[in-house]
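Hi,

Here's the structure I promised to pass on.

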Amino acid sequence: MQRLTQRLWSQRSIWHVGDLAWQRFSHVGREREWQFELWERDGQVAAWAWEQRDAGLLLQVDPAHPDLADEVLARFPGREVVVLDAEHHLIDALERHGYTRQDGRYQVFMTHDLRDLPEPEVPEGFTVRSVTEADLARRVEVHQRVWHPSRVTEESYRNVMAAWPYRSDLDWVVEAPDGRFAAYCLIWLDDHNRVGELEPVGTHPDFRRAGLGRAACLGAMRALRALSADQAVVYPVHDRPAKQFYEHLGFRPYARTLNYAP
């Protein structure tokens, strides 16, 4: 699945290799809720589907084989699907199968050129750095506080850290004077396409509105640039404060998601 995602990645594709790693490994015990299927053409994966119980259908289809979109939808009928507005081969297939576009919440896809990034600034006593394996418990704690209630645990985050393409030098935190992690930013690098995805990002409730989330992101993005990446991408929901946060950080929109239902 990741090989297809990496091969197809562009600003016209909804998936990044980091999406699959984070969604697959950030929780444990959900395997019975999922069903995966792959379609091959000429010896390589040309489409995949990831059905999630009580949720929608995730899918990716190589535009060179648009007929596979019909096969995927026929195999998993009646599920809501989210696509990028530039994925015309999927939109056409959804409409052929009677799906209709739905109003409501959507994600804005945003990009940031990595040139001329400022250095992160934090109040006295705070430190911006990447994590080590010894930081696991505090790294999980700050995520749980940001996204309470969260199903991320030390066990699941250990799985994340073991998954490709996770790199600890792209997992950045702001450490407070009392030793707690106050903010974090995890970036997934697709080294083939030289693009990193921010997923997830957050600031501890006790430390918000102090510029610490910005500092964590800038630290991670500067590390991303040092690995020869050209751009960073992120996908906030259009009506959430995160969109304004990324705009202030310098991200600019290039696409949006569309929701379809049968």
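**Starting at arginine 208**

If you skip the neighbours within four places in sequence, arginine 208 is in contact with Val146 and Thr203. Before going further, keep in mind that this is a predicted model. You'll find arginine 208 in the loop between E10 and H7. Is arginine 208 buried, partly exposed or exposed? Its relative accessible area is 45%, so arginine 208 counts as partly exposed.

**Two helix pairs**

Now follow the chain on to helix H7 (residues 212-226), which packs with helix H8 (residues 241-249) at an angle of about 55 degrees. The axes of H7 and H8 are 11 Å apart. An angle from 65 to 115 degrees would count as roughly perpendicular and one under 35 as roughly parallel, so H7 and H8 are oblique to each other. Their crossing is right-handed. Which residues of H7 and H8 meet? On the H7 side they are Gly213, Arg214, Cys217, Leu218 and Met221, and on the H8 side Phe245, His248 and Leu249. Sorted by class, this contact has five nonpolar, two polar and one charged residues. The spacing of such residues has a simple background: an α-helix has 3.6 residues a turn, so residues three or four places apart point the same way.

The other pair to look at is helix H5 (residues 136-146) with helix H6 (residues 154-162). The axes of H5 and H6 come within 10 Å and cross at roughly 110 degrees, which means that H5 is roughly perpendicular to H6. H5 brings Leu136, Ala137, Arg139 and Val140 to the contact, while H6 brings Glu154, Tyr157, Arg158 and Met161. By class, that gives five nonpolar, no polar and three charged residues.

**A helix with buried residues**

Helix H2 (residues 17-25) is worth a click too. Val17, Gly18, Asp19, Leu20, Ala21 and Trp22 are buried in H2. What covers these buried residues? The cover includes helix H1 (2-8), strand E2 (44-52), H5, H6, strand E9 (181-190) and strand E10 (195-203).

**Salt bridges**

How many salt bridges does a search of the whole structure find? It turns up 19 salt bridges. Here are some you can look up yourself:

- Arginine 115 pairs with aspartate 113, with the closest N and O atoms 2.9 Å apart. Arginine 115 has 61% relative accessibility and counts as exposed, whereas aspartate 113, at 37%, is partly exposed.
- Arginine 129 pairs with glutamate 175, and here the closest N and O atoms are 3.0 Å apart. This pair links distant parts of the chain, 46 residues apart: arginine 129 sits in strand E7 (residues 127-130) and glutamate 175 in strand E8 (residues 171-175). Glutamate 175 is buried, because its relative accessible area is 18% and the cut-off for buried is under 20%.
- Aspartate 169 and arginine 167 meet through their side chains at 2.8 Å, N to O. Both are partly exposed, aspartate 169 at 30% relative accessibility and arginine 167 at 31%.

Finally, salt bridges that share partners join Arg129, Asp135, Arg138 and Glu175 into one network.

Cheers

Notes: Residues are numbered from 1 along each chain as its sequence is written. This is a predicted model: local features need pLDDT of at least 70, side-chain atom pairs count only at pLDDT 80 or more; totals for chains, interfaces and linings use all residues. Side-chain values use heavy atoms; hydrogens and water are left out. Axes are lines fitted to C-alpha atoms, for helices over the stretch in contact, and angles run from 0 to 180 degrees between N-to-C directions. Helices (H or I, at least four residues) and strands (E, at least two) are DSSP runs, numbered from the N terminus. Angles under 35 degrees count as roughly parallel, over 145 as roughly antiparallel, 65 to 115 as roughly perpendicular and the rest as oblique. Contact means heavy atoms within 4.5 Å. Ala, Val, Leu, Ile, Met, Phe, Trp, Tyr, Cys and Pro count as nonpolar, Asp, Glu, Lys and Arg as charged, and the others, Gly among them, as polar. A salt bridge is a side-chain nitrogen of Lys or Arg within 4 Å of a carboxyl oxygen of Asp or Glu. Buried means under 20% relative accessible area, exposed over 50%, partly exposed in between (1.4 Å probe, protein chains only). A crossing is left-handed if the near helix is turned anticlockwise from the far one by less than a right angle, and right-handed if clockwise.
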